[in-house]
Amino acid sequence: MSAEAFLQIRNVVKSFDGHLAVDDVSIDIAQGEVFALLGSSGCGKTTLLRMLAGFEAPTSGTIRLGGRDLAGLPPYARPMNMMFQSYALFPHLSVADNIAFGLKRDGLGADAVASRVDAMLKLVQLGPFAGRKPHQLSGGQQQRVALARSLAKKPQLLLLDEPLGALDKKLREETQIELGHIINDVGVTCVMVTHDQEEAMTMAGRIAVMSEGRLLQVGPPDEIYEAPATRFVADFIGNVNLMDGTLVESAADHAVVDCGDITHWIGKGVAGGRGQRVTVALRPEKIRIGRAEPLPHGLAADPSLNRVRGIVKEVAYFGSFTVYHLRLAGGATLKISQSNAERQAGDTLARDDAAWASWTPGSQVVLTK
Amino acid sequence: MKPVHERGRKPGLSGRRAVIAIPYVWLLVFFLLPFLVVARISVSEMEATAIGDIVRWRDGAIDINLRWQTYWLLLTDDLYFSTYVASLKYAGVTTLLCLAIGYPFAYFMARARRSIQPALLMLVMMPFWTSFLLRVYAWKALLSENGLAARAIEGLGLDRLLAAAGLIPGPGQLMNTPFSLVLGMTYTYLPFMILPLYSNLAKMDLRLLEAASDLGASAWTAFWTITVPLSRAGIVAGAMLVFIPCVGEYVIPELLGGPQTQMIGRTLWDEFFSNNDWPMACAVAVTMILLVIVPIAIFSRNQGDASPSRA
């Protein structure tokens, strides 16, 4: 057998009463990696996590950790710990006893337990709260207790179920970074489940996008965002303009797609021949908008500069950026996000103004699925 | 500036007070006042039933004329002491048995499928549809010499075990023994243990058990370290609902108990109706209430210290 991945999920299927919750999923995760399962609710990501933890048994397929098959191992015998959604802290135990719970089950001596609990409290900076009960802590503190409890036994694999889901937005941003630091410092391999793409992109080294029990795409955050493999992934992650069209020119170094209102010049070759139906995905922030017709290098007729004229129908000012909705001649709407890098003054676009949108030939992604 | 809704609060508050006040007034009139009457009789002579006989204004000083002989007798007479001990003992054993039988019952009921839980609950409450007296009488028949239960117990040879444990005088003699008494009380009071335990266990967050399992606890360890401590409020409520009425139980010892099992309810009856000694009877009653209330008050106070915001 060649070098096997640290965590190997092979052809795992889980069905509940004939309904496939997880449909033939295979993932390899390396030691020390932080991996995110991203998807909307009901996509099977939590079921997959629960199978890793041992709360559910796969209908078929294998899960191996460090070369060892986990089939049949009950949750309490698995070398992994989970941080539960909304934490599941034991309400009758103090912070220190919550953290010590798993250590005591290992039959560690009182001294060893106490020193490990101290180390964990220091790690999550909750030393002064050791004697408190969970209900006497804020949401952010409870989250840290849950993290300390799941790290106390030095698990080979840390499972996080919506780790930041129970926190409000402001606290979530701070905690996200802090949690990432702690996980990196400890160096534990980590599989997290989330429906929040920001959470997944900032914390994970690789992301798997799931829908209806299937893996749609696995890759680093920038790859998932910049090079989505399918229409669904492009649409699920971030904002995107999706335009259906036909491939009218397909060369080794460029391609042209006719989408009705817009003729896309794609700056690289596309798999597929003339006449094939494709979808062009274009992120709003990759489009520039202005009153004047954009002229590349003074050449009005250069086909490689993509541009289109339209009427501004919607202007939403977010402070750091502005979102415009540009109505095209054929009735389609193009979403455009413009960074407000310079202070806005005077001549800004308003509703019903005519404007030009333009983007470079490398901005689009051509999707065939 | 006052909040806008301030004006609307007054009637709401007084309405709330009224709702709380009605049961309090009820308890004051029909529990506290009679109790004070009982307490007064317990410290007076047989004839002295008017307040004036106890508290009197004499020569510019209040003369309180209390007679403590009844309580002195309670403390010194072995008969009373032993009936108190017997009452507490049988009530305690009954409570423990109800807990031992009721806890697993309530546990599996709370973990059963949601759809069948109402039916299970109904079954627990079904005995209440029949008169309590009738059910206790039925045990008399079941445990009598040729009764069904008696024959089953003897058939299994359990009566030898009971006799060896001193719960019955000898094989074949089941009725009017500590055994029949405790059996009857356990049978009667079991639902009062199950219901609060069930409502407590049904509320429990099952993810806590998953968390315990994830951290290395077997199902058995998780039960003792998580489920049992978290159900303490239910155990306490159930134990009180069984223990308190059992201490003062009169009917069941009368029907199923024997000469060995003289309990405080029986003593009360004797003092009132055989001896016609009302002060003594009242002293017995007051002492019984104190015996039950004082430990509970201390206990619930400790409970309050241990967990400030949890019932």
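**Figure 1. Overall make-up of chain B in the predicted model.** Chain B contains 14 helices and two strands. The structure shown here, as in every view that follows, is a predicted model. Of the 311 residues in chain B, 28% are buried. When contacts in chain B between residues at least 6 apart in sequence are considered, 67% of them join residues at least 24 apart.

**Figure 2. The two domains of chain B.** Chain B is divided into domain 1, covering residues 4–64, and domain 2, covering residues 69–306. The centres of domain 1 and domain 2 of chain B, taken over C-alpha atoms, are separated by 33 Å. Where these domains of chain B meet, six residues of domain 1 are in contact with seven residues of domain 2. The side of domain 1 of chain B that touches domain 2 of chain B has four nonpolar residues, two polar residues and no charged residues.

**Figure 3. The contact between chain A and chain B.** In this view, 15 residues of chain A are in contact with 16 residues of chain B. Two or more residues on the chain A side come from each of strand 6 (80–83) and helix 2 (95–105) of chain A. Helix 2 of chain A gives the most to this side, with three residues. By class, the residues of chain A that touch chain B comprise nine nonpolar, four polar and two charged.

**Figure 4. The six-stranded sheet of chain A.** An open sheet in chain A is built from six strands in the order 6-7-8-3-9-10, and the pairing is mixed. Strand 6 and strand 10 (214–219) of chain A are the edge strands, since each pairs on one side only. On average, neighbouring strands of this sheet are turned by 20 degrees against each other, direction ignored. In general, the strands of a sheet pair through backbone hydrogen bonds, in either a parallel or an antiparallel manner.

**Figure 5. Strand 3 and strand 9 within the sheet of chain A.** Strand 3 (residues 34–38) and strand 9 (residues 206–211) of chain A run parallel and are joined by four bridges. Within this pair, Ala36(A) has Ile207(A), in strand 9 of chain A, as its bridge partner.

**Figure 6. A helix packed on the sheet of chain A.** Helix 4 of chain A, formed by residues 139–151, packs on the sheet and touches strand 6 and strand 7 (157–161) of chain A. The direction of helix 4 makes about 170 degrees with that of strand 6 of chain A. Strand 6 of chain A is also one of the edge strands of the sheet, and strand 6 of chain A gives two or more residues to the side that touches chain B.

Notes. Residues numbered from 1 in each chain as written. Chains lettered and ligands numbered in written order. Predicted model: local features only at pLDDT ≥ 70, side-chain atom pairs only at ≥ 80, totals over all residues. Buried ≥ 20, exposed ≤ 12 C-beta atoms within 10 Å, placed from the backbone. Contact = placed C-beta atoms within 7 Å. Nonpolar A, V, L, I, M, F, W, Y, C, P; charged D, E, K, R; others polar. Pairing = 2+ DSSP bridges. Axes fitted to C-alpha atoms, helices over the stretch in contact; angles between N-to-C directions. Domains from an automatic or database assignment.
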